[in-house]
Amino acid sequence: MRRRVAFVVSLLLVAACKDEPDFQTRYEKASKEIEARAKAMDADIAAAEKAAAAASDLPDAEAPTNAAPSSGE
């Protein structure tokens, strides 16, 4: 019985172990993720700059008029 349990446990351990990706595979994956993030950030920045440019095209608000000074009476 112990041999069967040991055998089953060893089979499970072997089955659970799978090869880790090599350095080149991990590097390529990380590089693609970084590039995608950079493109998304560039798009966000471009949209923010476009919105800021559109906001600066608005006409300037008129200066508030001040009431005449009071004579104190």
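Author: What follows takes a few labels in turn and sets each value against its cut-off. Please keep in mind that this is a predicted model, with 2 helices and 0 strands in the protein chain.

Reader: Why is lysine 39 called exposed?

Author: Lysine 39 has a relative accessibility of 54%, and exposed means over 50%, so lysine 39 counts as exposed.

Reader: Which label does glutamate 35 receive, and why?

Author: The relative accessible area of glutamate 35 is 44%; since buried means under 20% and exposed over 50%, with partly exposed in between, glutamate 35 is therefore called partly exposed.

Reader: What makes the contact of lysine 39 and glutamate 35 a salt bridge?

Author: Their side chains meet at 3.5 Å, N to O, and the definition asks for a side-chain nitrogen of Lys or Arg within 4 Å of a carboxyl oxygen of Asp or Glu, so the pair qualifies as a salt bridge. The structure holds 1 salt bridge, and its two partners both lie in helix H2, which covers residues 23–56, where they are 4 residues apart, about one turn of the helix.

Reader: Why is valine 5 called partly exposed?

Author: With a relative accessible area of 46%, valine 5, a residue of helix H1 (residues 2–16), falls between the 20% and 50% limits, and therefore it is partly exposed.

Reader: Which residues make the nonpolar surface patch?

Author: Met1, Val5, Val9 and Leu13 make this patch, with an area of about 440 Å².

Note on methods. Residues are numbered from 1 along each chain as its sequence is written. This is a predicted model: local features need pLDDT of at least 70, side-chain atom pairs count only at pLDDT 80 or more; totals for chains, interfaces and linings use all residues. Side-chain values use heavy atoms; hydrogens and water are left out. Patches are made of residues with over 30% relative accessible area and no salt bridge: like charges are joined within 9 Å, nonpolar side chains (Val, Leu, Ile, Met, Phe, Trp, Tyr) within 5 Å. Accessible areas come from the Shrake-Rupley method with a 1.4 Å probe; for residues, only the protein chains shown count as cover. Buried means under 20% relative accessible area, exposed over 50%, partly exposed in between (1.4 Å probe, protein chains only).
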